[in-house]
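Here is a short report for someone meeting this structure for the first time. Look over the sequence and the model, then read on.

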Amino acid sequence: MDGTSPPVLFVVGTAGAGKSSLVTSFQRWSRFLDIDALAINLDPGAERVHYDPEFDVRDLISLSEVMDEYDLGPNGAQILAADLVASQADDVFEEIAGLSGDIMVIDTPGQVELFAFREASSHLVEVLGQGRSCLIFLFDPLLSSTPSGFVSQMLLSSIVHFRLGLPTANFLSKSDLLEPEVLERILDWGDNLDILEVALYEESAKSSSSEGSGSQRAEFAISQLRTMQNSAILPGLIPLSSEMEEGLADVLSFAQNVFGGMSDAKDGFAGDIDNEK
Ligand SMILES: Nc1nc2c(ncn2[C@@H]2O[C@H](COP(=O)(O)OP(=O)(O)OP(=O)(O)O)[C@@H](O)[C@H]2O)c(=O)[nH]1
Ligand SMILES: [Mg+2]
């Protein structure tokens with residue numbers, strides 16, 4: 001890609017968090033705004049995708065062929081496939097280098113650890129991202145409904161952010177599935193660590209089976225989050241629904257905040273996204 005390469009959004013999150021759906025709805029929504037969103041599939045295990053990929057890694061590597069050829073089960077094949085994809089990063093780059101568009105949105109494998117923690121994947125992110133990339137980290141809505149599940153995802157997002165070193169925005173995926181009061185509670189936790197701390201202690205008081213360990217865990221987790229907040233590396237949480245096309249403007253404005261405007265600025269961005277620049 002040359003100096004005009006579009007910003008790249010890597011969509012990451014735990015299995016089933018809604019990554020592929022976000023790429024689909026973002027691409028569809030962008031068309032209405034006359035924004036050219038290029039979709040890329042980097043998940044060799046995807047059964048099918050509903051967006052129009054400019055590049056699909058399954059054209060290079062098929063999970064079922066990896067299973068057959070190396071006599072692996074699905075998990076081993078996912079790991080090997082992730083490494084094989086990354087080892088062909090330069091070929092992938094060749095395929096997408098000539099593409100022009102306003103923004104590139106990349107769907108990643110179902111298991112976030114395959115994308116973030118394999119050494120080879122860092123190389124892939126570097127090659128494809130070209131210094132103009134960021135992460136959209138999706139929180140699973142059901143896991144986010146409990147304080148400990150919520151904190152676990154905050155920590156996971158921070159670890160992925162630390163590992164890949166890219167500007168990160170946290171989104172609460174499938175927010176249409178949550179009751180309004182549950183949604184509000186989760187957003188409050190994202191906004192205010194004091195509220196989250198109280199909820200976490202209440203939860204641990206109810207559930208701790210071995211003496212004191214629940215509150216120790218809560219104390220540990222909150223102190224980690226506070227440290228991150230103090231160093232301004234703890235992004236807030238933004239509700240998103242690919243189903244209802246809500247929060248997509250926030251995804252776009254995050255990229256714009258990080259990389260500056262692309263084409264002309266569109267109206268109606270919720271803006272005010274709390275994260276590092
Ligand atoms: N109600 C609702 N359902 C959603 C939304 N986004 C995704 N889903 C559903 O959640 C399920 C998983 O969505 P995917 O987009 O495949 O999630 P993924 O993260 O790509 O999944 P893997 O690649 O398998 O890890 C599907 O059944 C989607 O229809 C949403 O905004 N609202
Ligand atoms: Mg997917």
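Predicted model: local features only at pLDDT ≥ 70, side-chain atom pairs only at ≥ 80, totals over all residues.

Residues are numbered from 1 along each chain as its sequence is written, while chains are lettered from A and ligands numbered from 1 in the order in which they are written.

Helices (H or I, at least four residues) and strands (E, at least two) are DSSP runs, numbered from the N terminus. A residue is buried if 20 or more other C-beta atoms lie within 10 Å of its own, exposed if 12 or fewer, and partly exposed in between, with C-beta atoms placed from the backbone.

Strand β6 spans residues 168-172. Five of its five residues are buried, so β6 is largely enclosed by the rest of the structure. Thr-168, Asn-170 and Leu-172 point one way from β6. Ala-169 and Phe-171 point the other way.

Two strands pair if DSSP finds at least two bridges between them. Strand β5 (residues 133-139) runs parallel to β6, and five bridges join them. Here Leu-135 stands opposite Thr-168. From β5 the chain passes through helix α7 (residues 147-164) to reach β6, and this β-α-β crossover is right-handed. That term applies if, with the strands pointing away from the viewer, the path from the first strand over the helix to the second runs clockwise.

Strand β7 (residues 237-239) also pairs with β6, in the parallel sense, over three bridges. Leu-172 stands opposite Pro-239 in β7.

**The core**

A nonpolar core is a set of buried Ala, Val, Leu, Ile, Met, Phe, Trp, Tyr and Cys residues joined through C-beta atoms within 7 Å. The largest one has 65 residues. Those with the most contacts inside it are Leu-9, Val-11, Val-12, Val-105, Ile-106, Ile-136 and Phe-171.

Two residues are in contact if their C-beta atoms, placed from the backbone, lie within 7 Å. Leaving aside neighbours within four places in sequence, Leu-9 has contacts that include Val-105, Ile-106, Ile-136 and Ala-255.

**Around ligand 1**

Ligand 1 is surrounded by 16 residues. A residue is near a molecule if its C-beta atom, placed from the backbone, lies within 6 Å of it. The closest are Gly-18, Ser-20, Ser-21, Gly-110 and Glu-243. Helix α1 (residues 19-32) gives the most to this shell, with three residues.

**Single residues**

| Residue | C-beta neighbours within 10 Å | Class |
|---|---|---|
| Ser-87 | 13 | partly exposed |
| Leu-99 | 15 | partly exposed |
| Asp-71 | 9 | exposed |

Ser-87 belongs to helix α3 (residues 74-87). Ser-87 and Ala-120 are 33 residues apart in sequence, but 6.7 Å apart in space, C-alpha to C-alpha.

Leu-99 sits in the loop between α4 (89-97) and β4 (103-107). Leu-99 touches Leu-38 and Glu-54, not counting residues up to four places away in sequence.

Most residues other than glycine have a negative phi. Asp-71 has a positive phi of about 55 degrees, and lies in the loop between α2 (63-70) and α3. Lys-174 has a positive phi of about 50 degrees. Its loop runs between β6 and α8 (180-191).
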